[in-house]
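Please look at the model below before reading on. The paragraphs after it take up the parts in turn and ask how they meet.

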Amino acid sequence: MAAVAERPARPSTEAARSDTVTFRVWRGDASAGEYREYTVALDEGMVVLDVIHRIQATQAGDLAVRWNCKAGKCGSCSAEINGKPRLMCMTRMDTFERGQVITVSPIKTFPLIRDLVTDVSFNFERAKEVPAFKPKAPDPDGKRRMHQEDVDRVQEFHKCIECFLCQNVCHVIRDHEDNKQHFAGPRLFVRLAALEMHPLDTNDRRELLKARAGLGYCNITKCCTEVCPEHIHITDNAIIPLKERVVTEFYDPVAWLARKLTGRDRRRGIVE
Amino acid sequence: MASESHETHEYDVVIIGAGGAGLRAAIEASAAGVKTALICKSLLGKAHTVMAEGGIAAALGNVWPEDNWKVHFRDTMRGGKMLNNWRMAQIHAQESPDRVLELEEWGALFDRTKDGLILQRDFGGHRYARLAHVGDRTGLEMIRTLQQHAVHKGIDVFMECNIQRLLKDGHKIAGAFGYWRESGGFVLFKAKAIVLATGGIGRSWKVTSNSWECTGDGIALALNAGAELIDMEMVQFHPTGMIWPPSVRGLLVTEGVRGDGGTLRNNSGERFMFRYIPEFFKAETADNETEADAWYTDKANNRRTPDLLPRDEVARAINAEAKAGRGSPHGGVFLDIASRRPADYIMKRLPSMYHQFMELAGVDITKEAMEIGPTCHYAMGGVRVDADTTATDVPGLFAAGEVAAGLHGANRLGGNSLSDLVVFGRRAGQYAAAYAKALRAQPLVDAGEVEQVARELLVPLTSHGGDNAYAIHAQLQECMQNNVGLIRVENEMIEALDVIASLKRRLPNVTVAGGRHYNPGWHLALDLQNMLAVSEACTRAALARKESRGGHTRDDFPSTDERFAMVNVVVRARDGELTLSDEPLPEMPDELKALFEEAH
Ligand SMILES: Cc1cc2nc3c(=O)[nH]c(=O)nc-3n(C[C@H](O)[C@H](O)[C@H](O)COP(=O)(O)OP(=O)(O)OC[C@H]3O[C@@H](n4cnc5c(N)ncnc54)[C@H](O)[C@@H]3O)c2cc1C
Ligand code: SF4
Ligand code: SF4
Ligand code: FES
């Protein structure tokens, strides 16, 4: 009853203010651009992507943005929200203070196409260089057996949704455009680790790891791990073991071969 | 006019769509040695397939050695209320184990049994635990495996490229025309054969589990090219979508929750599904809680829990409970795994469901029940294809995956889509390549037609009508949700046709801000034509089927009717108008019929 009595007493301006939100959104392309402000109505449970969609539907029909699943599963909607690299579909509006103006900009490391959309083709090009999965022969009965504890750690890497947020924050390419030629970036290290630690794989990626992927540029700042929406331990579980392998196996082909034949790492335990 | 210029590419086989079906088709076509292009609206690896959760159905027999293709075939047909194309169901059941093992051969890492084989999980309508899976992110594993395999085959990939029209030389396929999303520039693909693998239609409904891409483009492309559609009335409403908060309404909650022990309850805590067991499934469904719970571990001596009845049955039951006032606060019911399984088991088996509820709804599914309700999920209907070759009736045009129809009949079983994608994706690639090789000359594209299409595509950018594409979309979604949803009735569907017609008339007045450069407003204005075509076909077919069966429930014709038991509703476009007819299903051979007479 009390709630009903209170409602009309609340000043209408305050009601309006508390039910709306103001976004500063980057609008523009490679040649020019600026932040533009949009104020839209806010409903319970909304995420940043919902607000962007509402801006599109009501005020800026041509606002460019990528998204697919709206559930943190496809990795399309990466952006910088108040300067922090995030998935727009997994960033709830109630994590911000009421009345705060929220800034949404495109991820910085890749060339801008338009508004919130960037050219991430770098990642797809680098993926082509990775020597493919090459399985060893199946068991004599034609089946393939792997134990859950051996696949667990590779499954962690397979969770990657290719949002490229890790690529976006890695200072090696964020701050040094030139390094893109010699450095594949954390996403690709995760991919390489997945292949290298796959219990059935026999392919040889030592040359790539040592030279072209640029593993040596990484100085383990862990920024990539911090932003990964899938909570993959990129540095501890992928990059560091790969670095160790490069050191031992590049100069010790026997160690490399032994691991490929048994599907197990001689030096390290199965679970990191 | 410079703005209507276009770039041109020439291929043997062009595959439209890079979900599971398109990727598998591309791998096969390219392996056959033909020049292959793969086109998709989003970036590679983002197609709807990436969202699939629960698993891929295949009678591997790793968990239940009693399982084999015949049992899978029978389950698929019964789940589809016998409206399925029997031959597709047979091929699917026979070939899916090989396709799953092939994914493993290409690097996929499914969860394992104790002996190190691929683990399989229970799902609705499947007699045995049959779904190979990776936690609850099976689609991601599948699409990444196929994507990486395809990348190494040297297939040309055209990302963020949207095909708007198929072109023909006489009656044969000759090419496809569309635009780059980034530049807005036009692109022509000359092709000997085309595979449609464009996925679903869910964006025409308001509450849906589908992504923005699911606008039914392939269905509209096929219809315009003169191909036939079947079963368009058969739309699957998945029983368990999120319903709260409003912004996540429709997001899928995998059936794996029930497969792994979750149960549906109403607001008094009752496991109400026991009251909704239909006659058709009585013999194989547990009628009490003790037997239902024992079934998870002992399938030989117990019958399946009614929580895992086929989706159409469960969705209707949830709807009925909520209508009767026994629902949850936001109009659904409760899905409870928290009280039934330990927290660490839930976290291991359903990590992304945990994540999804925790982050988007603030609900800890290891502690509380989820609130769920039906969501528009899957199109059983679509392009009519030949069972063995996936060929449509337009020479050179093939279709596979969700865009094609026949396999699932009136209702799809969970897990049968991912297997459909790889079984028929492979066949589409194979037969499209064979067709292209057999064709002597490259068919000719009519330059005048290309010019004409290009001009039409630019209309929204130059029109001054002032109408808003987003508003039209919202009205269409509202209309389909209310009038052609889970429960249908004639007068509402007639009203829907009126709305669709009026929205169609408004399309030429849509005005889009901005230019051709990455402009979602323009893209939506074009997508709307497809959504409206699909909505009309669906509504017309739903009016024509005057009975209830599977995904199609009529309030005014609540039971099945023998007259419709053996026919597909076929939709064709003739001179811009849709025509409908009932046509007999292909007749099942006696040895397969016998499978339905044996005791299960
Ligand atoms: C949340 C969710 C969970 C699911 N879980 C399961 C599950 O556990 N098991 C199961 O079997 N099924 C599941 N399904 C169903 C299954 O995922 C889909 O039916 C299936 O992935 C469809 O695959 P597809 O290859 O046919 O099309 P999609 O994966 O939808 O791909 C369509 C492709 O076509 C492209 N395209 C479309 N139109 C055009 C155009 N005009 N021009 C160019 N390209 C175009 C798109 O860009 C995309 O690449 C689930 C569905 C959802 C929504
Ligand atoms: S840990 Fe290495 S890869 Fe990760 S952000 Fe730092 S430098 Fe880059
Ligand atoms: S590793 Fe994590 S942050 Fe990097 S692309 Fe994959 S999911 Fe995104
Ligand atoms: S839209 Fe898929 S991750 Fe955000």
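This is a predicted model: local features need pLDDT of at least 70, side-chain atom pairs count only at pLDDT 80 or more; totals for chains, interfaces and linings use all residues.

The size of an interface is often given as the accessible area lost when the parts come together. For chain B and chain A that area is about 4800 Å², with 54% of it on carbon and sulfur atoms. On the side of chain B, Lys46(B), Leu109(B) and Tyr518(B) supply 13% of the area buried against chain A, which is more than any other three residues give.

The polar side of this interface can be described by its counts: there are five salt bridges between chain B and chain A, and 34 residue pairs are in polar contact across the interface, both residues of each pair being at pLDDT 80 or more. One of the salt bridges joins Arg66(A) to Glu160(B), whose closest N and O atoms lie 2.8 Å apart.

Within helix H10 of chain B, which covers residues 351-361, is Gln356(B). Is Gln356(B) buried or exposed? Its relative accessibility is 1%, and because buried means under 20%, Gln356(B) counts as buried. The side chain of Gln356(B) reaches the backbone oxygen of Leu252(B) at 2.9 Å. Beyond its neighbours within four places in sequence, Gln356(B) is in contact with residues of both chains, among them Ala71(A) and Lys73(A) as well as Glu53(B), Met242(B) and Leu251(B).

Chain B itself is assigned domain 1 (241-375) and domain 2 (452-560), and the centres of these two domains, taken over C-alpha atoms, are separated by 32 Å. Five residues of domain 1 of chain B are in contact with five residues of domain 2 of chain B, and the area buried between them is about 390 Å², of which carbon and sulfur atoms give 65%. In domain 1 of chain B, Asp312(B), Arg316(B) and Asn319(B) lose the most area to domain 2, together 78% of what that side buries. Between these domains there are zero salt bridges, although two residue pairs are in polar contact. Helix H8 (residues 311-323) of chain B gives the largest share of the side of domain 1 that touches domain 2, four residues.

Note on methods
Residues are numbered from 1 along each chain as its sequence is written. Chains are lettered from A and ligands numbered from 1 in the order in which they are written. Side-chain values use heavy atoms; hydrogens and water are left out. Helices (H or I, at least four residues) and strands (E, at least two) are DSSP runs, numbered from the N terminus. Buried means under 20% relative accessible area, exposed over 50%, partly exposed in between (1.4 Å probe, protein chains only). A polar contact is a pair of N or O atoms within 3.5 Å; within protein, one must be able to donate a hydrogen and the other to accept it, and residues adjacent in sequence count only if both atoms are side-chain atoms. Contact means heavy atoms within 4.5 Å. Domain bounds come from an automatic or database domain assignment. Buried area is the accessible area (1.4 Å probe) that two parts lose on being put together, summed over both. A salt bridge is a side-chain nitrogen of Lys or Arg within 4 Å of a carboxyl oxygen of Asp or Glu.
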